[in-house]
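Q: I have a structure to look through and would like to go over it step by step. Could we begin with a single residue and then widen the view?

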Amino acid sequence: MSSQQPYAPTAYSSSSFSSSAALRSRIPLDEEARLYRTSAQRDLYESLAEVYAIIVTLDFVEKAYVKDTISQAEYTPICSRLLAQYSTILKNQDVANEFKDLDSFRAQYDIEYPSAISRLRVGIPATVEHPVSKEPGITYPLAQSSPAPSRSAASARAAADATGNFITFMDALKLNYKAKDQLHPLLGELMTSLNAVTTKDFDGRAKIIEWLIKLNSMKATDEITDDEARQLLFDIDHAYKAFYTILE
């Protein structure tokens with residue numbers, strides 16, 4: 001009397017064993033498994049790995065700054081460098097196409113680093129978004145506790161730099177600069193130079209930060225519309241006039 005056949009082939013059935021043996025014969029077990037077959041694919045996966053590493057590192061830096069483990073003097077250049085590296089990698093069109101957007105990348109690789117994600121959305125360090133007048137043990141000769149800067153040579157130079165950055169950015173808009181990779185660096189430099197003069201809020205400062213965040217959310221080659229360019233020029237000109245009044 002023949003035994004009843006199992007519902008499905010087991011690991012010990014002859015058909016399953018022969019199939020597994022045939023499969024093993026086709027797979028080179030002594031070779032390293034690779035995600036890529038060409039150098040272009042290798043560069044793509046390496047770039048995506050670097051983006052992932054930047055996110056992990058940035059989350060660590062953000063938490064360290066919040067806990068006062070690192071000072072703002074240490075935090076700002078590290079955060080700025082990580083944000084710049086992130087933007088530079090995504091300027092590659094192949095990487096950008098595979099990356100898609102931050103939300104898609106998070107979902108694909110199950111990323112849970114909220115502090116880093118928040119900073120990447122803003123696109124500027126926390127010390128630029130929310131400037132601090134001073135920190136114990138560290139001297140900031142350009143930052144003042146009152147709206148009017150001191151008459152020192154350093155403060156005068158900082159005010160001149162900020163004024164020049166205002167003019168440079170407005171000239172860029174008048175020359176029809178509309179792409180993110182044209183405007184965002186200039187606006188970020190303007191915001192940094194303003195914080196070197198004063199950390200106090202003034203009329204128009206919030207608008208500059210809003211435009212920084214808006215530009216940061218765009219792809220490198222995306223452009224603002226004509227209406228947006230006109231509004232941006234109006235907002236920056238208004239902020240420039242407000243900034244000029246605190247220098248008087």
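Q: Is lysine 100 buried or exposed?
A: Lysine 100 is exposed, because its relative accessible area is 55% and the cut-off for exposed is over 50%. Please keep in mind that this is a predicted model.

Q: Where is lysine 100 found?
A: Lysine 100 sits in the loop between helix 4 and helix 5.

Q: And what about phi of lysine 100?
A: Phi of lysine 100 is positive, at about 70°, although the residue is not a glycine. Asparagine 176 is another residue other than glycine with a positive phi, in its case near 70°.

Q: Which loop holds asparagine 176?
A: Asparagine 176 belongs to the loop between helix 8 (153-174) and helix 9.

Q: Let us turn to the whole chain. How many helices and strands are there?
A: The chain has 11 helices and 0 strands. Read from the N terminus, the order of elements is α-α-α-α-α-α-α-α-α-α-α.

Q: How much of the chain is buried?
A: Of its 248 residues, 38% count as buried. The accessible surface of the chain is about 15,500 Å², and carbon and sulfur atoms account for 53% of that surface.

Q: Now helix 11. What span should it have, and why?
A: Helix 11 covers residues 226-247, and its 22 residues should span 32 Å because each residue counts for 1.5 Å. The expected span uses one less than the number of residues. The end C-alpha atoms are 32 Å apart, which agrees.

Q: Which residues of helix 11 are buried?
A: The buried residues of helix 11 include Leu232, Asp235, Ile236, Ala239, Tyr240, Phe243 and Ile246.

Q: Why would residues three or four places apart point the same way?
A: An α-helix has 3.6 residues a turn, so residues three or four places apart point the same way.

Q: One more topic: what is the volume of the largest pocket?
A: The largest pocket has a volume of about 940 Å³. Its lining is made up of 36 residues, and those nearest the centre are Tyr86, Ser87, Lys180, Asn216 and Met218.

Q: Which elements give two or more residues to that lining?
A: They are helix 3 (72-89), helix 4 (93-99), helix 5 (102-109), helix 6 (114-122) and helix 9 (180-197).

Q: And by class, what does the lining have?
A: The lining of the largest pocket has 14 nonpolar, 13 polar and 9 charged residues.

Notes: Residues numbered from 1 in each chain as written. Predicted model: local features only at pLDDT ≥ 70, side-chain atom pairs only at ≥ 80, totals over all residues. Heavy atoms only, no water. Helix = DSSP H or I, 4+ residues; strand = E, 2+ residues; numbered from the N terminus. Buried < 20%, exposed > 50% of the residue type's maximum accessible area, 1.4 Å probe, protein only. 1 Å grid on protein atoms, 1.4 Å probe; cavity = no way out; pocket = protein on both sides within 12 Å on 5 of 7 lines; lining within 4 Å. Points joined across faces, edges and corners; volume = space filled by probe spheres on them. Nonpolar A, V, L, I, M, F, W, Y, C, P; charged D, E, K, R; others polar. Areas by Shrake-Rupley, 256 points an atom, 1.4 Å probe, with all protein chains shown as cover.
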